[in-house]
Amino acid sequence: MTLLGSLALWVAFLLGAWGALTGFLGGARGRTDLIASSRHAVYALCGVLLVAVVCLEVALFRHDFNVEYVAAYTSRNLPIFYTWSALYAGQKGSLLFWATVLSVFGALAQALTAPRHRVYLPYVGAITSLVCTFFLSVMVFSSISHSNPFERLAYTPVDGRGLNPQLQKPGMVFHPPMLYLGYISITIPFAFAMSALLTKRLDADWLVAIRKWTLLSWLFLSIGICLGMWWAYVELGWGGYWAWDPVENASFLPWLTMTAFLHSVMIQEKRGMLKKWNLGLIIGSWLLSIFGTFITRSGVIASVHSFTESNVGYFFGVFLVFAATVSFWIYAKRLPLLEADSQLESMVSREASFLFNNLLLVGIAFTVLFGTLLPILTELFSGTKVTVKAPWFNSVNIPLGLLLLLFTGIGPLIAWRRSSVPNLKRQFAVPATAGVLTILALLAAGMRDRYPVIAIGLAAFVFTTIIQEFWRGVSARHRQYGETWLLAFGRLFARNRRRYGGYVVHLGILILFIAFAGYAFKTETEATLRPGESASIRSPYGWTYTFTHLGISQYQALNRQVTAATVEVSRNGKRVGLLTTEKRQHVDAEGNPTFQPSTEVGIRSDMREDLYVVLAGVVNGSEQAVYRFTINPLVWWVWYGGMIVALGGLIVMWPGGGSITVRRAQAGYAVKLVAKE
Amino acid sequence: MYAGGYWSASVSRLYNGIMKPGLKFAIFTVLIVGSVGYLMASGLKQTGQYFFTPSELSQKLATDPTFYDVGMRVGARVVPGSVNRDVASQTISFRVTDGSATYPVIYRGIAPDTFNDSVEVVVEGRIQRDGIIHATDVLAKCGSRYESVPKA
């Protein structure tokens with residue numbers, strides 16, 4: 001099977017190169033035979049890579065430990081559920097996964113693009129093939145990169161090393177592929193953008209062609225980031241979900257620029273402005289997705305969740321520089337074709353507020369990028385590394401984030417072109433009052449923490465704007481068409497998915513902001529307890545939680561030895577329940593320990609707060625346990641806010657909304673004509 | 001009254017004449033970019049930390065004797081066999097090295113699961129006059145993940 005797999009990689013490499021060559025030539029010369037050949041190469045590439053994936057999975061399931069990758073990431077006693085996920089647990093496998101998914105997306109783009117957008121396809125096929133070929137080149141030139149997943153060992157180990165226990169979690173099975181899907185699918189909008197530049201078809205048409213793709217990759221990134229936070233919270237045991245680690249930042253950066261794009265594209269559709277900016281955002285997002293892979297794989301930045309440091313990073317570095325140079329060179333050559341159709345008319349308009357939204361999103365992305373690269377930059381310029389951690393990122397990004405939250409409320413409601421005072425009053429009188437009253441209520445309740453108070457006040461403002469919009473939409477339908485309230489509510493979504501789905505996303509975002517504000521009130525304590533002894537902690541709501549250590553138990557499970565410690569929890573003297581936290585030592589089939597021990601956190605979650613108990617250690621030969629108890633307010637809302645964001649994204653993406661885009665584009669054109677008269 | 005109305009109207013006309021929306025937007029942009037820059041720079045002064053290897057740290061101490069008791073981070077390997085754990089008081093002491101310079105570290109707190117005597121670590125803390133790094137945070141690097149246990 002590995003022979004077939006290696007062969008498939010080589011065939012795929014050649015097919016990719018052929019698809020890129022014929023696609024570019026066919027596109028440039030208008031040769032239909034070359035274009036057809038390129039398209040066939042894209043389909044064949046996808047098929048061949050799927051064969052390679054099947055080969056690797058077969059090797060994994062057969063426990064063919066002669067294959068280095070299989071021996072390095074699985075073992076005989078690894079549950080089947082995690083055996084297939086070993087496909088992307090290691091670097092080599094994830095390269096194959098990446099190339100395969102990209103080829104699938106490339107084939108889908110060829111197959112599903114509407115007839116009127118097919119003019120872009122030759123270059124789209126060429127670019128997806130080229131990117132895919134790059135990933136394949138990393139694998140096939142294994143003598144330099146050591147990244148062929150089908151490489152065999154000189155001997156056959158009896159058992160494999162097994163999967164890192166921290167990766168043996170349900171959350172971990174879906175978190176990396178979601179992020180990968182997000183990163184990878186940005187390639188399609190990027191390919192369309194480059195194709196629009198190369199074919200000089202730079203009207204709003206290519207934006208319509210990529211709308212679903214940009215939403216798709218944004219959705220995948222959002223879900224992937226949320227799952228990542230969840231995994232970090234449940235698994236790493238430090239009591240938080242976001243540490244501004246370079247790898248986390250690498251996933252956040254393209255999310256920020258894609259979010260900016262999803263907003264600014266509306267300005268281009270409606271008013272023909274921001275053409276350069278939108279192209280720049282797409283190219284930038286794609287480069288950031290490659291950059292993310294570069295820093296996770298190369299180990300150039302310390303304190304990364306780095307995979308094995310290897311030459312692969314240099315492949316990515318070279319590719320990144322090459323891709324950035326070429327794409328910005330083409331972009332620069334086409335700049336004269338990207339003049340705006342209209343001008344900004346007033347600062348108090350939707351255009352202006354969307355511009356600020358974009359400025360803030362890109363500003364945040366810039367600060368995150370700067371903070372992430374700081375060790376490299378300072379070493380380059382002064383010779384010593386300077387690093388920043390969470391406090392710096394928070395001090396810079398909390399004010400920017402709050403300003404962004406304000407524009408989340410203003411942007412969708414303010415009038416296009418120029419807003420009048422009556423318009424402003426009509427839209428914002430009630431929400432602004434709600435926001436101010438909320439802040440006053442919080443101050444009256446004794447809350448004095450600046451940022452959380454502002455965050456919750458702004459969230460109330462945004463929430464009221466959303467309710468007001470739904471109320472107005474539903475009651476208008478109710479009055480005009482005599483629909484029942486419920487039907488009117490459903491039709492509101494059906495008739496304008498983008499707008500009302502967008503409000504649902506905003507609702508999720510403001511819930512996330514409130515949840516992040518709750519993080520400021522995290523309290524924790526550490527204690528060493530004998531059985532029967534207890535530790536108390538006062539929650540931010542004023543309750544006293546008491547944790548009583550009940551004892552230690554030790555037992556064997558499927559592929560691990562478990563040391564479990566249990567505490568009884570009571571709130572203000574009343575029993576709430578039991579919480580168990582474990583130390584796990586994973587073992588191989590012979591019972592020898594593998595990997596470092598891992599910790600299972602005991603979590604009790606409700607809408608108000610999480611109780612988070614970590615077993616830090618057991619004093620040798622006794623039942624004395626060292627615990628860390630943490631109370632994390634509002635964490636529950638992070639996960640549900642994230643789900644609402646994803647739900648809103650799905651509503652916007654749901655098929656059938658295309659006609660509205662066309663109608664809107666036409667409406668925008670009509671506005672343009674009126675403006676010119 | 002009328003004169004006032006006239007004046008304010010002409011002032012606002014003048015203002016609208018000079019302050020084209022594009023210009024206003026540019027001013028706002030400069031304001032935002034400026035405040036972002038200010039936030040970044042001031043934050044850097046407050047929370048930026050040097051990152052050293054042990055030999056870079058010894059060089060820094062040689063050239064700048066005032067560097068003791070300043071927050072910094074050191075990336076190095078743990079010296080095998082040097083780890084001393086006291087579970088009851090949650091104190092861990094060990095030595096870190098990069099081959100040429102070695103420093104002792106004392107850390108009070110919960111070490112990450114991946115920490116043992118053969119890993120690469122990033123130690124965050126201050127070096128005292130006694131030559132010991134008093135760590136406030138230890139990050140251990142392992143396989144494919146870093147783990148962090150920041151103290152509140």
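Guide: Let us begin with chain A of this predicted model, whose secondary structure comes to 21 helices and 10 strands.

Visitor: What makes a run of residues count as a helix or a strand here?

Guide: A helix has to be a DSSP run of at least four residues and a strand a run of at least two, and by that rule chain A comes to 21 helices and 10 strands.

Visitor: How do you know whether the radius of gyration of chain A agrees with that of a compact globule?

Guide: For 677 residues a compact globule would have a radius of gyration near 26 Å, and chain A has 27 Å, so the two agree. Along its principal axes, the C-alpha trace of chain A spans about 90 × 70 × 60 Å.

Visitor: What share of the residues in chain A is buried, and what makes a residue buried?

Guide: A residue is called buried if 20 or more other C-beta atoms lie within 10 Å of its own, and buried residues make up 52% of the 677 residues in chain A. As for contacts in chain A between residues at least 6 apart in sequence, 72% of them join residues at least 24 apart.

Visitor: Why are S3 and S7 of chain A called edge strands?

Guide: In chain A, 5 strands form an open sheet with antiparallel pairing, in the order S3-S4-S5-S6-S7. Strand S3 (534-538) and strand S7 (598-600) of chain A each pair on one side only, and they are the edge strands. From one strand to the next, the twist of this sheet averages 25°.

Visitor: How do you know that S5 and S6 of chain A pair?

Guide: Two strands pair if DSSP finds at least two bridges between them, and 12 bridges join strand S5 (residues 560-571) to strand S6 (residues 574-586) of chain A, which run antiparallel. As one example, A:Thr563 has A:Lys583 in S6(A) as its bridge partner.

Visitor: What joins S1 of chain A to S1(B)?

Guide: There are 3 bridges between strand S1 (residues 385-387) of chain A and S1(B), and these strands run antiparallel. A:Val386 stands opposite B:Tyr50 in S1(B).

Visitor: How many residues of the two chains are in contact?

Guide: Contact requires C-beta atoms within 7 Å, and on that basis 38 residues of chain B are in contact with 47 residues of chain A. On the side of chain B that touches chain A, H2(B) gives the largest share, 12 residues, and the residues of that side divide into 19 nonpolar, 13 polar and 6 charged.

Key:
Residues numbered from 1 in each chain as written. Chains lettered and ligands numbered in written order. Predicted model: local features only at pLDDT ≥ 70, side-chain atom pairs only at ≥ 80, totals over all residues. Nonpolar A, V, L, I, M, F, W, Y, C, P; charged D, E, K, R; others polar. Rg over C-alpha atoms; globule rule 2.2 N^0.38 Å. Buried ≥ 20, exposed ≤ 12 C-beta atoms within 10 Å, placed from the backbone. Axes fitted to C-alpha atoms, helices over the stretch in contact; angles between N-to-C directions.
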